[in-house]
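Visitor: I have a structure open and would like to talk it through with someone. Could you walk me through it?

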There are 2 protein chains.
Amino acid sequence: MDAVIRSNTMGEFDLIAHYFTRPVQRAALGVGDDCALLVPTPGMQLAVSSDMLVEGRHFFANTNPERLGHKALAVNLSDLAACGARPLACTLALSLPCIDAAWLDPFARGLLALADAHGCELIGGDTTQGPLNICITVLGEVPAGQALLRSGARVGDDIYASGTLGDARLALEALQGRITLAAPALASARQRLEAPTPRVALGQALRAIARSAIDVSDGLLGDLGHILRASGVGACVDISKTINLIAVSAEDIKATGQFGTELLPQCTLAGGDDYELLFTAAPTQRSAVAAAAQASNTPVARIGQIEAAPGLRLINAHGQQVVQRYASFDHFA
Amino acid sequence: MDAVIRSNTMGEFDLIAHYFTRPVQRAALGVGDDCALLVPTPGMQLAVSSDMLVEGRHFFANTNPERLGHKALAVNLSDLAACGARPLACTLALSLPCIDAAWLDPFARGLLALADAHGCELIGGDTTQGPLNICITVLGEVPAGQALLRSGARVGDDIYASGTLGDARLALEALQGRITLAAPALASARQRLEAPTPRVALGQALRAIARSAIDVSDGLLGDLGHILRASGVGACVDISKTINLIAVSAEDIKATGQFGTELLPQCTLAGGDDYELLFTAAPTQRSAVAAAAQASNTPVARIGQIEAAPGLRLINAHGQQVVQRYASFDHFA
């Protein structure tokens, strides 16, 4: 077969293959056999992650297909970034109700553009007829022993977040009609929801600097909770700092009812779908973290500290504890 | 997280994880972080394959879940077998309409039993709510340069098939009411359809012996066609030999109408869902092939020859060409 994607149903679904067919780059055997073959670099560990995106749950049926192709790979690359791994390759398994060139062409374009930007070769996969479902597995590599793990946080570590937090959630609220955003603000927030930026360069730059890391997919507090549990520590987060991490300004938002003043803290602390990196590093590493951020052209903000006492405490600018609870939302609940 | 499977939706879907949670075996980092980490063996190439199974297309809604868990992994292991690769690890992405312990428990049992039998560690994945969809990616390894490819067949090679062919298709015909099978025959054929045996040991035993290989998923002739195209050769297949590869005996079948005498050749040549190995080897390797078959406890049969003339010719026991065409069926069309 001269196609990237092996179809496991006969007939026209084989045609899908041509949308994803590319010349072999780094793989020893890229396409068209029972398996793809990769040659791991000696001394490197292989990092592996799979994510599945389902229509109506992770994206709306009318989502721009080019952005969807981008996002389906971005959420996987974000997992590699959180481990400090360099992307190598990916497989794509795709279930589609029907073959629609007007959808497949931009979907493939969006996916492959991001793959190319990160040197992540599409080496194989599967296509079939069924309800729309996109499953990508990414493979990356990281020097042995240097992967960033959730379990490495230590008492006294600074806590950092990259980029912006909360805009994706704000876009979702607007698209679902619960708030109104000024048009330019909606456009930029929607870009964050539909085409997130995986922090691949930052993740690699943080190897040997950060002590723990995770990507923010379910919301800052929920994902920080994973680090705390894995590391057996607690934390204090300053919400006067996290509130500044949202890009959309409060003046662009017309919120209603139950939201109002709680909308921005809720979105930044527990919004979900951000795909930023949340990481910890010793205070002695502050200049190294700043250098890594600069080298990877990714802003980072220091938002709190790891503490010995279990649990997660929120404080305001005056150091006073905030009692409000911010539960992670279910994406499309 | 202390779970194999990272859920990307909050709440009760995290509970699914416990069905797939196992102690880490070979992986450097198995579970509960953003990525799993594997340490490839020096000198080995990594073999990667993904397959997606959709309800109603690849299996019936009422399929025994233990068998379905087995099959979902088996079809992936079969791809590793076809390359001569040794299984290392797999990821599982699972979309489920709801959480049903009565389904999940046996599904996990079937999948993990086969994984254990082949040393294929479940190292991560994803669970979400949605239409039933099972996507598995397998990782294996093979000594550099020794992978069995579709492109290696040479003129004069013998063509072999492993195990039995056609029984899975016969079971499907019976389950869909187009034929009737005696109960014991149906039970054994159904086992082939629902719980195929990936020929992992045979594939590895054939390294450096076979010149080309593929696994039979769409039907013998269709999959042989992939070898012929990739290798730039033709072939002649003796249907008096392939007809003997079906395990169910003709006396157990009550066929009707259009099937009748064509049923058995159709099932063996173009049935699909067999997951046997189809491979070629030089005639000088006949005793080596027999030894590999014996060492892996897998029967193999010599069914034809690779020829220079393009195309695929069928002959009968008298060497006369057969003109009947056997198109591969669509699985559930």
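Guide: Let me begin with a term we shall need: a crossing of two helices is called left-handed if the near helix is turned anticlockwise from the far one by less than a right angle, and right-handed if clockwise. Please also keep in mind that this is a predicted model.

Visitor: Okay, so which hand is the crossing of α4(A) and α5(A)?

Guide: The crossing of α4(A) and α5(A) is left-handed. Helix α4 of chain A covers residues 167-175 and helix α5 of chain A covers residues 183-194, and their axes come within 7 Å and cross at roughly 110°. Angles of 65 to 115 degrees count as roughly perpendicular, so α4(A) is roughly perpendicular to α5(A).

Visitor: Which residues meet there?

Guide: From α4(A) the contact includes Asp167(A), Leu170(A) and Ala174(A), and from α5(A) it includes Leu186(A), Arg190(A) and Leu193(A). By class, this contact of α4(A) with α5(A) has eight nonpolar and three charged residues, with no polar ones.

Visitor: And how do α2 and α3 of chain A pack?

Guide: Helix α2 (residues 65-83) and helix α3 (residues 101-117) of chain A pack at an angle of about 40°, with their axes 6 Å apart, which makes α2(A) oblique to α3(A). Their crossing is right-handed. Among the residues that make the contact are Pro65(A), His70(A) and Leu73(A) of α2(A), together with Trp103(A), Phe107(A) and Leu114(A) of α3(A). The residues of this contact of α2(A) with α3(A) divide into 12 nonpolar, three polar and three charged.

Visitor: Stepping back, what is the secondary structure of chain A?

Guide: Chain A comes to 10 helices and 15 strands. Of its 333 residues, 58% count as buried, and among contacts in chain A between residues at least 6 apart in sequence, 85% join residues at least 24 apart.

Visitor: Switching to the pair, how is chain A superposed on chain B?

Guide: A rotation of 180° with 0.0 Å of shift along its axis superposes chain A on chain B, with an RMSD of 0.0 Å. The two copies are thus related as by a two-fold rotation axis.

Visitor: How many residues does each chain put into the contact, and what gives the most on the side of chain A?

Guide: The contact takes 58 residues from chain A and 58 residues from chain B. On the side of chain A that touches chain B, β3(A) gives the most, with nine residues, and that side divides into 29 nonpolar, 19 polar and 10 charged residues. Finally, 100% of the interface residues of chain A are also interface residues in chain B, so the copies meet through the same surface.

How values were computed
Residues numbered from 1 in each chain as written. Chains lettered and ligands numbered in written order. Predicted model: local features only at pLDDT ≥ 70, side-chain atom pairs only at ≥ 80, totals over all residues. Least-squares fit on C-alpha atoms with pLDDT ≥ 70 in both. Contact = placed C-beta atoms within 7 Å. Axes fitted to C-alpha atoms, helices over the stretch in contact; angles between N-to-C directions. Helix = DSSP H or I, 4+ residues; strand = E, 2+ residues; numbered from the N terminus. Parallel < 35°, antiparallel > 145°, perpendicular 65-115°, else oblique. Nonpolar A, V, L, I, M, F, W, Y, C, P; charged D, E, K, R; others polar. Buried ≥ 20, exposed ≤ 12 C-beta atoms within 10 Å, placed from the backbone.
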